[in-house]
Amino acid sequence: MLEINGHTKQLAIIGYPVEHSFSPKMHNFISEKMGNPYVYTALEVHPDNIAAAIAGIRALGFSGINVTAPHKYTVMQYLDEIAPQAQKLGSVNTIVNRNNRLIGYNTDADGLYRSMLHNNMTVDGKDILILGAGGAAKPISVFFAQLSPSSMTVVNRTAAKAETLAAYVRSTTGYPIETQQQRRHYDIVINATSVGMYPNTEACPMDDLSFIDAQTAAVDLIYNPAETVFLRRARENGAKTMNGLGMLVYQGIISYELFTDTKLPDNIGDMIIEEVFGA
Ligand code: NAP
């Protein structure tokens, strides 16, 4: 058990709501394993209070803060510096307090990518299809556009949102992202919609998944349930599959490394997945 005393440093996640966040469990697990003097809590911050909350980070000397919905964009205006990648991705999920200078980062897409690498899925030279154009699809598309995929297509129920996202990706990265599903095969198909997430576990973002086969890697950002209908059908078509738990875990690991300015051991992700999530 981590000893909490006058030397203990503070970390937290802010969101609205935030009580269901897994981040306190993950970060406190890491601190305990590594013997680091940090404690991590969840703080509910109403959108009207976001400026005061950020001022509070400084006043109370928090070492770092994770940011979740609905604050990932609004916090940016209150920070001293935004890391170039977070600036490009257009949102911040990690704020590091370095000598009372608040620096914003975004570890979401990097977390997904590290989790994919861990499962031997690479982006370079691949044809990628992203389903969804919401808050998660945006940083992933911008991040992956910088990793030289052969092609990348984003499709969405509300086509206009896919167009807006594509315009953003083109303007920030210069990458010619497409918005029509025209290929017969994609190497990687990512479900970045909320379709299939608990409690609507019978839903699937697409009726026709016949284009997914044994040469496809199917990724779902959802981790509850562990296997969505999308992933189950992709697996039945022979695809390699991966759910969103690794993304959740690795974005947290990258945040923790930024908060503490340390490098965690390579097996920490597997340890968290096994010991914190029992997966
Ligand atoms: P969001 O901003 O609310 O976007 C939701 C997306 O899902 C939109 O593209 C929306 O399309 C689409 N959608 C919703 N209901 C639909 C339906 N019935 N049919 C077709 N499309 C539908 O949410 P988000 O933040 O991007 O999150 C998306 C998913 O990723 C969620 O399940 C979230 O839990 C998961 N996620 C996981 C992690 C992780 O660490 N593993 C991190 C972030 C997000 P419209 O534009 O047409 O509404």
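Student: Which residues does Ser91 touch, not counting those up to four places away in sequence?

Tutor: In this predicted model, Ser91 touches Lys72, Met76, Ala86 and Asn106 once residues up to four places away in sequence are set aside.

Student: And where is Ser91 found?

Tutor: Ser91 is found in the loop that runs between helix H3 (84-89) and strand E5 (94-98).

Student: Is Ser91 buried or exposed?

Tutor: Ser91 has a relative accessible area of 10%, and it counts as buried because that value is under 20%.

Student: Switching to Ala203, what is its relative accessible area, and where does it lie?

Tutor: Ala203 lies in the loop between strands E9 and E10, and with a relative accessible area of 28% it is partly exposed. Leaving out residues up to four places away in sequence, Ala203 touches Val195, Gly196 and Val229. The C-alpha atoms of Ala203 and Leu264 are separated by 37 Å, the two residues being 61 apart along the chain.

Student: Now the rings: how many aromatic pairs does a search of the whole structure find?

Tutor: The search finds seven aromatic pairs. One of them is formed by Phe143 and Phe144, whose ring centres are 6.3 Å apart and whose planes meet at 55°, so this pair is tilted.

Student: What about Tyr186 and Phe211?

Tutor: Tyr186 and Phe211 form an edge-to-face aromatic pair, with 6.1 Å from centre to centre and 80° between the planes. This pair links distant parts of the chain, 25 residues apart: Tyr186 belongs to the loop between helix H6 (159-173) and strand E9 (188-191), while Phe211 belongs to the loop between E9 and strand E10 (217-220). Both Tyr186 and Phe211 are buried.

Student: Which residues do ring pairs link into a cluster?

Tutor: Phe22, Tyr223 and Phe277 are linked into a cluster by ring pairs. Another ring, that of Tyr168, has the charged end of Lys138 sitting over it, 4.1 Å from the ring centre.

Student: On to helix H1: what should its twelve residues span?

Tutor: At 1.5 Å a residue, helix H1 (residues 23-34) should span 16 Å, and its end C-alpha atoms are 16 Å apart, which agrees.

Student: Which residues of H1 are buried, and what do they pack against?

Tutor: The buried residues of H1 are Ser23, Pro24, Met26, His27, Phe29, Ile30 and Ser31. They pack against strands E1 (9-15), E2 (38-44) and E3 (64-67), and also against helices H8 (245-260) and H9 (268-276). H1 is followed by Gly35, which has a positive phi near 70°.

Student: Last topic, the ligand: which of the 20 residues around it come nearest?

Tutor: Gly135, Ala136, Asn156, Arg157 and Thr158 come nearest. In the side chain of Thr158, an N or O atom is 2.4 Å from an oxygen atom of the ligand, and for the side chain of Lys161 the corresponding distance to a ligand oxygen is 3.1 Å.

Student: And what lies 2.9 Å from a nitrogen atom of the ligand?

Tutor: That is a backbone N or O atom of Leu221.

Definitions and conventions: Residues are numbered from 1 along each chain as its sequence is written. Side-chain values use heavy atoms; hydrogens and water are left out. Rings of Phe, Tyr and Trp (its six-membered ring) pair if their centres lie within 6.5 Å; planes under 30 degrees apart count as stacked, over 60 as edge-to-face and the rest as tilted. Helices (H or I, at least four residues) and strands (E, at least two) are DSSP runs, numbered from the N terminus. Buried means under 20% relative accessible area, exposed over 50%, partly exposed in between (1.4 Å probe, protein chains only). A charge sits over a ring if NZ of Lys or CZ of Arg is within 6 Å of the ring centre and within 35 degrees of the ring normal. The expected span of a helix is 1.5 Å times one less than its number of residues. Contact means heavy atoms within 4.5 Å. A residue is near a molecule or strand if one of its heavy atoms lies within 4 Å of it. A polar contact is a pair of N or O atoms within 3.5 Å; within protein, one must be able to donate a hydrogen and the other to accept it, and residues adjacent in sequence count only if both atoms are side-chain atoms.
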